[in-house]
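Hi,

Here is the structure I promised to pass on. Have a look at it first, and then read my notes below.

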Amino acid sequence: MAEMTPGAALRQLKQAHATLKKARQALRMARENPAFGPRALDAGWEALTQAHALMASVPRSAVDEEVLTQQLSVQRYATSLLVRLRRLLRKGEVGDDLDDDGDDDE
């Protein structure tokens, strides 16, 4: 198998980011229609597992400044999605896309 390049790593990380964005869209739909909540939770969880698998598969040899920056971006987006999934599971709602309500440490 060929060694992964930084360009290929960036494409892979951008794919992970796009997958997470689609899951966020599903959460927005669940906010509008609560019956969609369980499917949005499943879609979000699947997106998180795929994104983490893609991020973990980037070898050290393909890491440069741009790859690390993209990795941080995807990690932040994944964390944001995870907070919303947790809120959906706990409260049965998705909440705003603007800010967290500060209950993450409870």
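Let me start with Ala40: leaving aside residues up to four places away in sequence, Ala40 touches Ala26, Leu27, Ala30, Leu85 and Leu88. Bear in mind throughout that this is a predicted model.

Ala40 also turns up in the largest nonpolar core, a set of 25 residues. Along with Leu20, Val58 and Leu81, Ala40 is among those with the most contacts inside that core. Three helices each put at least two residues into this core: H1 (6-32), H2 (37-56) and H3. H1 gives the largest share, with nine residues.

Next, the pairing of H1 with H3. Their axes come within 10 Å and cross at roughly 20°. That angle is under the 35 degrees cut-off, so H1 and H3 count as roughly parallel to each other. As for handedness, H1 passes H3 in a left-handed crossing.

One residue I'd point you to in H3 (residues 65-91) is Gln70. Is Gln70 buried or exposed? Its relative accessible area is 17%, and buried means under 20%, so Gln70 is buried. Again not counting residues up to four places away in sequence, Gln70 touches Leu10, Leu13, Lys14 and His17.

Happy to go through any of this with you.

Cheers

Technical notes
Residues numbered from 1 in each chain as written. Predicted model: local features only at pLDDT ≥ 70, side-chain atom pairs only at ≥ 80, totals over all residues. Heavy atoms only, no water. Helix = DSSP H or I, 4+ residues; strand = E, 2+ residues; numbered from the N terminus. Buried < 20%, exposed > 50% of the residue type's maximum accessible area, 1.4 Å probe, protein only. Contact = heavy atoms within 4.5 Å. Core = buried A, V, L, I, M, F, W, Y, C linked by side-chain atoms within 4.5 Å. Axes fitted to C-alpha atoms, helices over the stretch in contact; angles between N-to-C directions. Parallel < 35°, antiparallel > 145°, perpendicular 65-115°, else oblique. Left-handed = near helix turned anticlockwise from the far one by under 90°.
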